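Visitor: Could you take me through this structure and show how its features are to be read?
Guide: Gladly; let us look at the sequence and the structure together.

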Amino acid sequence: MSEAVYDRMIAEYSFLDDAREMEALRAFWAREYGVVFSVTPQDSPEFLNLGKAVDADNCASCHSDTASAFVSRSLASGLFFTARAMNTSRADLVFRHVHLGLCFLGLALLPFGKFFHPVAVSANLLVRQGKHVAERAESSGIGSGVGLDACSRCGECSLHCSVAPVFAVLGNADILPSEKLRSLNRHAVDGLDGRALELFAEGSRICTECLRCTDICPSGMDLQSLWMASREHLAQGRTAGPNAEIRMGHPKGWATAFMEMGEFEAERTGGDGLADRAESYWACVQCTTCTSVCPVVAVSSDPTRDLDFTPQQIMNLLRMGLKDQALGVRMVWSCTTCYKCQEHCPQNIPVADVLYELRNVAAARLREQREKREGR
């Protein structure tokens, strides 16, 4: 509504030299944009139509409809009766300097934003009157509550998480560290049960303990220790998941069970995975290199008893089309995803990726079967 701002825009951007068109444009801006002029322009329909045409030719391409400025237009309308006094005192210059000053202040403070976090955390604890998650978390055995309170929700841990692609397949947000931390917080304070507890437990189990989240965390949180402590706590509460469940049975029994379950929804609609494509393992020559470098096999006194099958034997099962038989093999669930087998394979077979996929497929089938049984 500032006449001075209007005059400045005309001086900087307009090429008009016709006095009548200039006056018509003033009349249109007074009516359309709410500019308050010291001398009120005439507002006959003919004059306003001319001003609208001049505006369309010279101004409209640089200005949005004032309806989009629902806050400032309403504010300007409310201050309409003070407009002449504000124009006389050049209030527009005051607003301009305040606006620029705040912009520069924001830019200046941007690098120091993280230093405000200790203040924010202290204020947060003060508002909670000391009832933060520290006591509940430590008493429940989950981990340090101070670590939970330190999260600034920046999302860097999720961006660098090595198992983030699994979230795209399973759709469980608790697989992502930033979301899992929120569930861990709720579990420490109020406790989780039912479906929420199942999702949190699954997200904790899928973590491969790669340390990426801890290394990248700008708040310096030891996220890895939190995941390990929560996983141990969940295991004590009988939410250890398919890993423990499958180890209680025999591969033959699980093969029959997985064949009866059939493929889960993502398998049916998402296309073939690595374990379904022959080119993933057709070049395997059963040289046992993957088994020789596997640390899981190395620490086992009797791999046939402890693991059921070794990595190259699992590749052979897949070559024979026995995917369902491979899903319940203990080696699939004992794999630490160290990728030594894949890095040393002379035939470039993605052994670790296949084992990891088999584990996700089996977990998804078990989850879908449980949901059907519970009527979800």
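Guide: At 18% relative accessibility, aspartate 324 counts as buried, a value that, like the others here, is computed from a predicted model.

Visitor: With which residue does aspartate 324 form a salt bridge?

Guide: As a general idea, side chains of opposite charge can pair when their charged atoms come close. In this model aspartate 324 forms a salt bridge with arginine 365, with 2.8 Å between the closest N and O atoms. Aspartate 324 belongs to helix α23 (residues 323-327) and arginine 365 to helix α26, so the pair ties together parts that are 41 residues apart in sequence. Arginine 365 is buried, with a relative accessible area of 5%.

Visitor: How many salt bridges does the structure hold, and which parts does the one between aspartate 308 and arginine 330 tie together?

Guide: The structure holds 10 salt bridges. In the one that joins the side chains of aspartate 308 and arginine 330, the N to O distance is 2.7 Å. Aspartate 308 lies in the loop between α21 (303-306) and α22 (311-319), whereas arginine 330 lies in helix α24 (residues 330-334), so this pair ties together parts that are 22 residues apart in sequence. Aspartate 308 is buried at a relative accessible area of 13%, and arginine 330 is buried at 17%.

Visitor: Is arginine 90 buried or partly exposed, and what of aspartate 92?

Guide: Arginine 90 is partly exposed, because its relative accessible area is 35%, while aspartate 92, at 14% relative accessibility, counts as buried. The side chains of these two residues, arginine 90 and aspartate 92, meet in a salt bridge of 2.9 Å, N to O. There is also a network of salt bridges, in which Glu3, Asp7, Glu23 and Arg26 are linked.

Visitor: Where is glutamate 371 found, and why does it count as buried?

Guide: Glutamate 371 is found in helix α26 (residues 351-373). Glutamate 371 counts as buried because its relative accessible area is 19%, and the cut-off for buried is under 20%.

Visitor: How many aromatic pairs does the structure hold, and how should I read one of them?

Guide: The structure holds 5 aromatic pairs. One of them, formed by tyrosine 6 and phenylalanine 37, is edge-to-face, with 5.1 Å centre to centre and 85° between the planes. Tyrosine 6 lies in helix α1 and phenylalanine 37 in the loop between α2 (19-32) and α3 (45-58), so the pair ties together parts that are 31 residues apart in sequence. Both tyrosine 6 and phenylalanine 37 are buried, and they belong to one aromatic cluster formed by Tyr6, Phe28, Trp29, Tyr33 and Phe37. In another ring contact, the charged end of lysine 180 sits over the ring of tryptophan 227, 4.4 Å from its centre.

How values were computed: Residues are numbered from 1 along each chain as its sequence is written. This is a predicted model: local features need pLDDT of at least 70, side-chain atom pairs count only at pLDDT 80 or more; totals for chains, interfaces and linings use all residues. Side-chain values use heavy atoms; hydrogens and water are left out. Helices (H or I, at least four residues) and strands (E, at least two) are DSSP runs, numbered from the N terminus. Buried means under 20% relative accessible area, exposed over 50%, partly exposed in between (1.4 Å probe, protein chains only). Rings of Phe, Tyr and Trp (its six-membered ring) pair if their centres lie within 6.5 Å; planes under 30 degrees apart count as stacked, over 60 as edge-to-face and the rest as tilted. A charge sits over a ring if NZ of Lys or CZ of Arg is within 6 Å of the ring centre and within 35 degrees of the ring normal. A salt bridge is a side-chain nitrogen of Lys or Arg within 4 Å of a carboxyl oxygen of Asp or Glu.
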